[in-house]
Amino acid sequence: MLIDPAGYLVGQVSGEGNYEGIDRAIAQTVEEFRKRGELNEQPLKLALERAKVGDLPLAFPGKVLADARGDRLFIADSNHNRIVITKLDGTLIETIGTGAAGAQNGAFAGATFYRPQGLALDGDSLYIADTENHLIRRADLRARTVDTLAGTGGQSKSYGKVEGPGAATALNSPWDLQFVGRTLYIAMAGPHQIWQLDLDTQVVGTYAGSGREARLDGAREEAGFAQPSGITTDGKIFTSPTANPTSFERLIWRAAKCAPWLGAIFSTSAMRTAGATMCGSNILRASSQRRKIRCSSPTRIITRSSA
């Protein structure tokens, strides 16, 4: 929603990919009120969040993935544009990425990301939803290198059914990842869809969702999602929408003193919790706004379908 300096609503739009129109409307509004002499252009006095909390090891971590067998925790340190790998007790092992925003492939020490989110582990390969680069990246944990599997680096403006070679197909805000067999499923928040990447053929495309932002059950290609931001599986695919967290059949974890967990194993769209993962009997969660990884024990599990 765009509100002018007089307090009146002058425009509104939903979804992504509307930057040019919004920018043009703001410029026109500024010009009009400047001519009237009714535009206060004095700088706002704002206190940065960093000034309140000081420098912390993590900056708005988006997702977290536990590898109990390997005693590793993978953290999407989203606003530091990197992946942090620690032991389960928090001891730092290494980081992937320089911290600068970019899409550089190569050695861990020189690779760059732009606000990465979802993570999926398969052997020595860590798959990364490089959200604001609109890419799916892969980190080879043995060779300590990063490459790109899908996306062109540009933001797709396409909705509806899409399919093509991974390296030649534009993506739109991939937010979370989940393996089933040799298929990597992608919560594609931008077009309100679930996509799939076949790791053998390297073909990427729509799996479910019409592209309309909606809460609508039905056949896969006709169903409506609302900015899906979390995805997991128990053999079936479950997703957690950001815009409407009651959309799908789900398991709800209720953790002690925590908001509900959405997803077949884990996932949430709560403002302060961007991602979660199981480790033994505990839930590790990325508390994004608190810039920490927190641990909880579930008190009960409830299974239900959406109303």
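D71 sits in the loop between β3 (63-67) and β4. Welcome to a short tour of this predicted model, where local features need pLDDT of at least 70, side-chain atom pairs count only at pLDDT 80 or more, and totals for chains, interfaces and linings use all residues. Residues are numbered from 1 along each chain as its sequence is written, and side-chain values use heavy atoms, leaving out hydrogens and water. Strands here are DSSP runs (E, at least two residues), numbered from the N terminus.

- D71 counts as partly exposed because its relative accessibility is 33%; the cut-offs are under 20% relative accessible area for buried and over 50% for exposed, with partly exposed in between (1.4 Å probe, protein chains only).
- The residues that D71 touches are T86, K87 and L88, leaving aside those up to four places away in sequence; contact means heavy atoms within 4.5 Å.
- Although D71 and K87 are 16 residues apart along the chain, 5.4 Å separates their C-alpha atoms.
- A polar atom of the D71 side chain lies 3.3 Å from the backbone nitrogen of L88.

**D77, in a strand**
- You can find D77 in strand β4, which covers residues 72-77.
- D77 counts as buried because its relative accessibility is 0%.
- The side chains of D77 and H80 are joined by a polar contact of 2.8 Å; a polar contact is a pair of N or O atoms within 3.5 Å, and within protein one must be able to donate a hydrogen and the other to accept it, while residues adjacent in sequence count only if both atoms are side-chain atoms.
- Not counting residues up to four places away in sequence, D77 touches P57, L58, A59, P61, R82 and V84.

**N133, in another loop**
- N133 belongs to the loop between β9 (125-130) and β10 (135-140).
- With a relative accessibility of 11%, N133 counts as buried.
- The N133 side chain makes a polar contact with the side chain of D130 at 2.8 Å, and the N133 side chain also reaches the backbone oxygen of G102 at 2.7 Å.
- Beyond four places away in sequence, N133 touches G102, A103, F113, Y114 and G153.

- Strand β13 (residues 174-180) is mostly covered, with five of its seven residues buried.
- Six bridges pair β13 with β14 (residues 183-188) in the antiparallel sense; two strands pair if DSSP finds at least two bridges between them.
- L177 has I186 in β14 as its bridge partner.
- Two residues lie between β13 and β14 in this hairpin, and G181 in the turn has a positive phi of about 65°.

Notes. Helices (H or I, at least four residues) and strands (E, at least two) are DSSP runs, numbered from the N terminus.
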